[in-house]
Amino acid sequence: MDLKPGIIPLRPLSLSDIFNGAVIYARRNPKATLGLTAVVVIISQVLGLILQVGPLAAIGQLDALRGESTSMTAVIGASATSIVSAVIQALAALVLSGMLTVIVGRAVFGSSITIGAAWTRIRGRILPLIGLALLEGVGAALLVGVVVLVIVAAAAAANGVVAAVIGIPLGFGLLVALIYLGTVLSFAPVTIVLERLPIIAAIRRSFALVRNDFMRVLGIRLLASVVTWVVAGAIAIPFAIVSAVTGTDSTSAVLIGTVVATIGAIIGQIITTPFLAGVLVLLYTDRRMRAEAFDLVLRTGATGPAAPSDSTDHLWLTRQ
């Protein structure tokens with residue numbers, strides 16, 4: 001019989017083990033998962049909405065919401081606030097994913113954790129997580145920039161046909177490269193949090209864990225993304241219908257539609273974000289079990305003498 005002190009059996013995991021565990025941990029500790037997610041998502045989305053609408057209202061340019069304003073001030077203001085809003089939401093998502101990682105790490109052993117304790121565990125890892133996100137963003141931007149420059153140069157030196165001949169395979173290659181890098185770096189944030197690694201070491205660690213099982217990691221992550229996309233889309237449909245019914249005949253109608261759509265997005269994120277975080281951490285756990293016999297380490301911790309739940313955190317630092 002499999003040893004299962006928490007949300008997963010302590011052996012290499014099947015797809016159903018990973019998906020079930022990603023749901024169970026949220027059900028067992030809803031305050032620290034759904035509650036935490038709700039707080040973070042609502043605050044970030046409301047701030048984003050305020051940043052989107054507030055400056056336009058202040059300068060009397062709410063018509064920009066309907067795409068009717070030609071004021072350069074309104075255009076610049078809307079662009080600037082969109083960037084700020086995106087940054088705030090990205091930071092919120094980063095902190096949230098880190099805290100959920102800690103919660104899943106405890107749930108593997110059947111232990112719960114408070115929001116305050118999760119924050120205590122994650123706060124020292126926020127800067128490395130931000131650094132990793134910036135490094136990934138810069139790397140992706142450089143790859144895209146190089147491809148765009150090559151295509152533009154080809155168009156300038158020859159013609160559109162040559163640019164298309166060069167651009168199509170380059171674009172496909174860029175897509176493949178981004179998917180590859182996104183997959184091999186999948187576990188870098190998790191290792192920063194659970195293994196307390198610095199950025200470069202986390203990148204190397206993630207690559208080492210993924211390289212011998214690349215297609216499985218990619219497939220499970222894609223499937224989890226499709227599931228969350230379908231769920232979030234189903235949740236958003238009624239809100240989208242209400243938003244469409246309000247129409248765009250007036251600024252107030254557009255504003256109401258924007259608020260309704262935001263509410264739909266908030267509910268979708270509250271439900272899907274913990275699931276995605278759970279899948280990622282459990283997939284990382286599975287890779288360590290398969291590559292490093294990490295299940296033996298977890299079994300030792302689970303069957304050892306009774307101890308405070310936070311004493312299991314050090315097990316994630318153990319390597320065979």
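Start by selecting Val-102, Gly-105, Arg-106, Arg-121, Leu-194, Asp-313 and Trp-316, which line the largest cavity. A cavity here is a set of points on a 1 Å grid over the protein atoms alone where a 1.4 Å probe fits but cannot get out, and lining residues have an atom within 4 Å of a point. About 50 Å³ of space lies inside, where a volume is the space filled by probe spheres set on grid points joined across faces, edges and corners. Searching the whole structure turns up one cavity of 30 Å³ or more. Helix 3 gives the largest share of the lining, three residues; helices are DSSP runs (H or I, at least four residues) numbered from the N terminus. By class, this lining has three nonpolar, one polar and three charged residues (Ala, Val, Leu, Ile, Met, Phe, Trp, Tyr, Cys and Pro count as nonpolar, Asp, Glu, Lys and Arg as charged, the others, Gly among them, as polar).

A word on what you're looking at: this is a predicted model, where local features need pLDDT of at least 70, side-chain atom pairs count only at pLDDT 80 or more, and totals for chains, interfaces and linings use all residues. Residues are numbered from 1 along each chain as its sequence is written, and side-chain values use heavy atoms, with hydrogens and water left out.

Next, the largest pocket: select Glu-136, Ser-186, Pro-189, Arg-221 and Leu-280, which lie nearest its centre among 41 lining residues. A pocket is an open set with protein on both sides within 12 Å along at least five of seven lines. This one holds about 1,200 Å³ of space. Its lining has 26 nonpolar, 13 polar and two charged residues.

Now show helix 6 (160-184) and helix 9 (214-246). Their axes are 10 Å apart and the packing angle is about 95° (axes are lines fitted to C-alpha atoms, for helices over the stretch in contact, and angles run from 0 to 180 degrees between N-to-C directions). The two helices are therefore roughly perpendicular, a label for angles of 65 to 115 degrees. Which residues of helix 6 meet helix 9? Pick Ile-179, Tyr-180, Gly-182, Thr-183 and Val-184, facing Phe-214, Val-217, Leu-218 and Arg-221 of helix 9.

Last stop: helix 5 (residues 126-157) and helix 8 (residues 199-210), whose axes come within 10 Å and cross at roughly 65°. Select Pro-128, Gly-131, Leu-132 and Leu-135 of helix 5 with Ile-199, Ile-200 and Ile-203 of helix 8 to see the contact (heavy atoms within 4.5 Å). That contact has six nonpolar, one polar and no charged residues.

Technical notes:
Angles under 35 degrees count as roughly parallel, over 145 as roughly antiparallel, 65 to 115 as roughly perpendicular and the rest as oblique.
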